[in-house]
Amino acid sequence: MPNLDIRSLVDDARDRIVGFAQRAIQTPSLSGNEKRMADLVQGELQSLGFHDVQIDEAGNVLVKLPGGSGPSTLLHAHMDIVDPGDGSRWSHPPFAGDIAEGYLWGRGSSDTKGSVVAQVYALGLLREAGLEPAGDAY
């Protein structure tokens, strides 16, 4: 395995990661209406070099990063959000994806679009760096 600083991979991809997180927040995905978010995730994975990204009947986005013969890893998170309610009650509009005071603001930023973004880029950056996980990662 090459001697690689994972932190540097993430730091170098910061603008791409934050931009994707902003686009995810700007994509409303109330329960039962996640298709636009699934399409966004699929497109980002494709831009990271994954050619076989599927969206199944239930709307789940599926991709595989092939690994060694060790145990497989499944990364998962939901793409739907709770209705933000009255947008005027928010200090930043719920679908703006504003960055203020060093934080990314918006509905789903921590529950759980932030997790989706982290998982997409975890697989994508490993793939870009040519690193093979111990087992397949999904």
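Is Gly 124 buried or exposed? Gly 124 is buried, with a relative accessible area of 0%. The legends below take up this residue and other sites in a predicted model.

**View 1. Gly 124 sits in helix H4.** Its relative accessible area of 0% makes Gly 124 buried, because buried means under 20%. Beyond its neighbours within four places in sequence, Gly 124 is in contact with Leu 48 and Phe 50. Leu 65 is another reference point: the C-alpha atoms of Gly 124 and Leu 65 lie 8.6 Å apart. Along the sequence, 59 residues separate these two.

**View 2. Arg 127 lies over the face of Phe 50.** The distance from Arg 127 to the ring centre is 5.9 Å.

**View 3. Helix H2 crosses helix H4.** Two packed helices are described by the angle between their axes and the distance between the axes. H2 covers residues 14–25, and H4 covers residues 113–129. Their axes come within 10 Å. They cross at roughly 145°. The crossing is right-handed. From H2, the contact draws on Arg 16, Ile 17, Phe 20, Ala 21, Ala 24 and Ile 25. From H4, it draws on Lys 113, Val 117, Val 120, Tyr 121, Leu 125 and Glu 128. Sorted by type, the residues of this contact are nine nonpolar, no polar and three charged.

**View 4. Phe 20 and Tyr 121 form an aromatic pair.** The structure holds one such pair. The two rings are 6.1 Å apart, centre to centre. Their planes stand at 50°, and the pair is tilted. Phe 20 belongs to helix H2 and Tyr 121 to helix H4. The pair links distant parts of the chain, 101 residues apart. Both Phe 20 and Tyr 121 are buried. Both residues also take part in the contact of H2 with H4.

**View 5. Gln 22 is a partly exposed residue of helix H2.** Its relative accessible area is 24%. Gln 22 is therefore partly exposed, since that class lies between 20% and 50%. Leaving aside neighbours within four places in sequence, Gln 22 is in contact with Gly 97, Ile 99 and Leu 104. The C-alpha atoms of Gln 22 and Gly 106 are separated by 8.5 Å. Along the chain, Gln 22 and Gly 106 are 84 residues apart.

**View 6. A cis peptide bond runs from Asp 111 to Thr 112.** Omega for this bond is near 0°. Thr 112 is placed in the loop between strand S4 (103–104) and H4. Thr 112 counts as buried, because its relative accessibility is 9% and the limit for buried is under 20%. Not counting residues up to four places away in sequence, Thr 112 touches Ala 77 and His 78.

**View 7. Glu 101 has a positive phi.** The angle is about 55°, although Glu 101 is not a glycine. Glu 101 lies in the loop between strand S3 (99–100) and S4. Is Glu 101 buried or exposed? At 66% relative accessibility, Glu 101 counts as exposed, because exposed means over 50%.

Technical notes:
Residues numbered from 1 in each chain as written. Predicted model: local features only at pLDDT ≥ 70, side-chain atom pairs only at ≥ 80, totals over all residues. Heavy atoms only, no water. Axes fitted to C-alpha atoms, helices over the stretch in contact; angles between N-to-C directions. Helix = DSSP H or I, 4+ residues; strand = E, 2+ residues; numbered from the N terminus. Left-handed = near helix turned anticlockwise from the far one by under 90°. Contact = heavy atoms within 4.5 Å. Nonpolar A, V, L, I, M, F, W, Y, C, P; charged D, E, K, R; others polar. Phe/Tyr/Trp six-rings, centres within 6.5 Å; stacked < 30°, edge-to-face > 60°. Buried < 20%, exposed > 50% of the residue type's maximum accessible area, 1.4 Å probe, protein only. Lys NZ or Arg CZ within 6 Å of the ring centre and 35° of its normal.
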